[in-house]
Amino acid sequence: MDPTEKAIINGLQGGFPLTHRPYRDAGAQLGLSEGEMIEEIGNLLARGQLSRFGPLWNAEALGGAVCLAAMAVPPDRFDEVAELVNAHPEIAHNYQRDHELNMWFVVSTDAPARIDQVIAEIERETGLGVRAMPKTREFFVGFRVEV
Amino acid sequence: MLDAIDRKLIATTQAGLPLVAEPYRALADELGLDEAEIVSRLGQLLETGAIRRIGAIPNHYALGYTANGMSVWDVADEAIAEIGARVGALDFVTHCYERPRHPPLWPYNLFAMVHGRTRDEVRAKVAEIAVLVGPAARAHEVLFSTRILKKTGLRIAA
């Protein structure tokens, strides 16, 4: 990754200007022209180093709901259970982790009431208990990945 | 609350902003609005928190941050507000939440996600958190992800 790409990733994880020519204005701060900004961002997107460039929407503020959940899945049933869980379109992410609670997934729905329904469906389909871990408080993170 | 135009704006920008010199005007043209309205709505949505931020959304894995550690902490309830705020303020913590305990299997109530290029790098960062938290945490662990079973973007109905 060259210094220009690093500058864009490190310098632009927020604060993109709400102006008539935002790529020009953001580029001015990073020492890049408007054309370079547009081209470099396009390259980073094409290579998958950026997932997206634009607004990061907050599902909960939009009326949706998100809930982390965990299961202790017997190792010999792991793949079968992963398939049952992932078949639900409301499952946004699912990770295997090294703990007795070895399957961790995020349920994301348009309406808060759907969360409990999806969890109940998964419990019925798998015959396993699901531990819901909704966030009770969110602490501010000023996250910037440094490359 | 969000109105129908906000909803359309969400649907139109979910894949990202247009990569053209005047992206807000391009959005305005697509939605049949004027640029000033798009800019003012985006500003409002940022202010209310419906948009967390506007800019580059990095893909940790593609950037080499392949070690993903969920550090979890059993913090005394009366200390969690202060401890959580301090842990969340660390620049390598990407998410920081209080969540319910599920004893006895799960005594932890504070979750701080840490990414790194290697597991050792993540462990070193978790050690920094441990110093910061001090005796307020009775126990902690790091759960590394060993496999991504599913990963899709947030889907918001228009």
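R52(B) pairs up with E138(A) in a salt bridge, with 2.9 Å between the closest N and O atoms; a salt bridge here is a side-chain nitrogen of Lys or Arg within 4 Å of a carboxyl oxygen of Asp or Glu. The pair crosses between chains, going from strand β1 (residues 51-58) of chain B to strand β6 of chain A. Helices (H or I, at least four residues) and strands (E, at least two) are DSSP runs, numbered from the N terminus. The model is a predicted one, where local features need pLDDT of at least 70 and side-chain atom pairs count only at pLDDT 80 or more, while totals for chains, interfaces and linings use all residues. Residues are numbered from 1 along each chain as its sequence is written, chains are lettered from A in the order in which they are written, and side-chain values use heavy atoms, with hydrogens and water left out.

Over all chains, the structure holds 22 salt bridges, and the rule finds three across the interface of chain B and chain A. Another of these links E98(B) to R137(A), whose closest N and O atoms sit 3.0 Å apart. On the side of chain B that touches chain A, strand β5 (residues 137-151) of chain B gives the most, with eleven residues. That side divides into 47 nonpolar, 17 polar and 15 charged residues, with Ala, Val, Leu, Ile, Met, Phe, Trp, Tyr, Cys and Pro taken as nonpolar, Asp, Glu, Lys and Arg as charged, and the others, Gly among them, as polar.

As for the extent of the interface, 79 residues of chain B and 73 residues of chain A take part in the contact, meaning heavy atoms within 4.5 Å. The two chains bury about 7,000 Å² between them, and carbon and sulfur atoms give 59% of that. Buried area is the accessible area (1.4 Å probe) that two parts lose on being put together, summed over both. L19(B), I57(B) and K150(B) supply 10% of what chain B buries against chain A, more than any other three residues.

Within chain A, strand β2 (residues 65-71) pairs with β5(A) in the antiparallel sense over three bridges, with A69(A) opposite A132(A).

By automatic or database assignment, chain B has domain 1 (4-48) and domain 2 (67-144), their C-alpha centres being 37 Å apart. For chain A the assignment gives domain 1 (3-46) and domain 2 (60-133), with 37 Å between the C-alpha centres.

A cis peptide bond joins P103(B) and P104(B), with omega about 5°, and P104(B) is in the loop between β3 (93-98) and β4 (110-116). T12(B), in helix α1 (residues 4-13), has its side chain reaching the backbone oxygen of K8(B) at 2.5 Å.

Terms used:
Pairing = 2+ DSSP bridges. Polar contact = N/O pair within 3.5 Å; in protein donor to acceptor, adjacent residues only side chain to side chain.
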